[in-house]
Amino acid sequence: MSDAPALRTRLAARGFDGITLLVLPAALLIAGLFIYPFAYGLYLSFRPKDGSVFGNYLKFIADPYLYETIGRTLWLALPVTLLNLFFAVPVAFRVRLMHRQRLLTTILVLPITLGTVLVAEGMLNYFGPQGWFMRSLHLIGLANFGSFRLVHNYWGVFISLIITGFPFTFLLTLSYVTGIDPALEQAAATLGARAMERFRAVFLPLLAPGMAITFCLSFVQAYAVFPSAVLLGQASGETRVISIAAYQAAFEQYDYSMASAIAMIMAAVQLVIVTAVLALRALAYRGPAGGGKG
Amino acid sequence: MNANASFKTLRLDQVGRDFGAMHALRDLSFEIARGEFVALLGPSGCGKSTALNCIAGLLPTSHGSIWLDDRRIDTLASEDRGFGMVFQNYALFPHMSVRDNVGFGLRMRRVPATQAAPRIERAIATVQLEAQAHKLPGQLSGGQQQRVAIARAIAIDPPLVLMDEPLSNLDAKLRLEMRAEIRRIHQGLGCITIYVTHDQDEALSLADRIVVLRDGAVRQIGTPQELYAKPAHLDIADFMGFRNQLRGTLVQQNAFPANVSVGLQFGDSTLFGFTRETVSGGQAVAAIRPEDMQIVGAGEAGVDAIVDAIEYRGRSFFASAHMKDGQKLYFASADRLELGSVVRLGASPQHVLVYSGA
């Protein structure tokens, strides 16, 4: 018998055993459905119609109609994400203490199941010129400013992103908030901390890493806005977001190479924001949110 | 520095707490003098943690009032009471160092850093954690975390330190060490300590006085000696190690000034003892500790029993037996007894406590 352990044992010690094989289907799926299309898109973006390598990217940064979409999309996605987070934290704090938590959570989550198009449809009916909301405003004489509208402009897209994004932000926040041991708040209270101080000194630092993750996920979701920007916004004007530019390149100009380049730029912008937020997160405490041995 | 520094007593007056239709706490009334260590003792669900949370202000009371001398405190928010509390799971702030945890209460009181620093160091020194002061709670052992929790509670010089089963997460050896430590810290502070536990050994060894709770109500208040020797009710006796509970027929009663001397008959044998509560009717229960039962001569008062099992306990043997009517008995024996042999077991009357058999 040899002194060295069998190959199987050595592999197992490094975390490779029969169970590792179960990762294979998922790995193949990710490679086939995510990595390959991404790599292909990247490759395609460097093969513009004019034959150069960086032609698409140069065109993008030279054309205000294209590069301004970055700012327009950020101008929607950043405030929406921040506002959602700003609303989600207090609501999650309240819901945490409720007995009928499940009922309220279900109601709040409902918009997720509706989908953006249905929400847009509803908003067009409700906030549109013939909708209840505008008619009520007319009735009480508040809508006579002429240009006051809540659809087919920035605010239409903004509101719809809040409606569809909030449940998602809220659910994530709730899971982070409920992960904090309630005894910590009680301990802080017995030590003389008032509600605001308890939030600032105890909850906020423990919540910050989770809020950073929530911000990133909500932001990425909002940044990819497409249907509501078309249906509720001005697709050629103030809500011409970056995904619309990519769509037009691909399906109106049939320039897949340009569309790929725009998609890559979109990914890069998201990556920059997400990396910045995660870098800030690295500065915060990231250990367990419990107060000791449970 | 502290408005509560010169208080003399804490008084609970008919404090109650309901959860819906459930009375978690009923008419809890007692007074604790400064310097006293009081244990709230009882099985789980008896209301002891509810009582502690009501005193701490973490749970509003449904009835009654709580007073620190003549200042009513049950109407104050927890943060305005200024009591130190040690939680069962310690509840240390995981993102703060030991020093910041201990100093949290002082920071909330806006104590200037120059004054706070020596107080923090003193609290850390009291629990002997100087070498760990810069670490995060997650880097400490369970026993060290426990010490931080105590240091954090005492750093604010509270008039009252509340402890909610603080040792239940520690192993047996550490628990004994921390017990001595808690007693030492209490004596050094001169405050009131209220200590919740379900462990009678802990309560007996730590407390000056024990409040036994059951079903949200007080069953007995007394010194450890009183509770150990003279539990007021059978359930407390059971809790205090009176493992033999023999049901028999009351045969004679002689009224003495304090207690009533009674005889209890089991078939053809009789035990004599003293009643601890009013015994009426024919049936009663005699409670006797195993170590107070001895083998006696054939002519003496006692009960006959057949030995079922015997185990070696170092200094002596511990035996179990049963009487003719099937009731189980436990006793200590100097000799290894034969299984199946018949022995006569007696106990001196002052060790036989008789409770109502109803």
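In this predicted model, B:Leu12 faces B:Phe30, a residue of strand 2 of chain B. The two strands involved are strand 1 (residues 9-19) and strand 2 (residues 22-33) of chain B, and they pair in the antiparallel sense over 8 bridges. Together they make a hairpin, with 2 residues between them. B:Gly20 sits in the turn and has a positive phi of about 60 degrees.

The largest nonpolar core holds 161 residues. The residues with the most contacts inside it are A:Ile262, B:Ala151, B:Leu162 and B:Val354. Helix 4 (residues 64-96) of chain A gives this core its largest share, 10 residues. Take A:Ile262 as an example. Beyond its neighbours within four places in sequence, A:Ile262 is in contact with A:Phe60, A:Ile242, A:Ala245, A:Ala246 and A:Ala249.

Next comes the meeting of the two chains. Here 26 residues of chain B are in contact with 24 residues of chain A. On the chain B side, helix 2 (78-81), helix 3 (98-108) and helix 5 (142-154) each give two or more residues. The largest share, 3 residues, comes from helix 3 of chain B. By type, the chain B side divides into 15 nonpolar, 9 polar and 2 charged residues.

Finally, look at A:Leu204, in helix 10 (residues 195-223) of chain A. A:Leu204 counts as partly exposed because 14 other C-beta atoms lie within 10 Å, while a buried residue would need 20 or more.

Notes. Residues numbered from 1 in each chain as written. Chains lettered and ligands numbered in written order. Predicted model: local features only at pLDDT ≥ 70, side-chain atom pairs only at ≥ 80, totals over all residues. Pairing = 2+ DSSP bridges. Helix = DSSP H or I, 4+ residues; strand = E, 2+ residues; numbered from the N terminus. Buried ≥ 20, exposed ≤ 12 C-beta atoms within 10 Å, placed from the backbone. Core = buried A, V, L, I, M, F, W, Y, C linked by C-beta atoms within 7 Å. Contact = placed C-beta atoms within 7 Å. Nonpolar A, V, L, I, M, F, W, Y, C, P; charged D, E, K, R; others polar.
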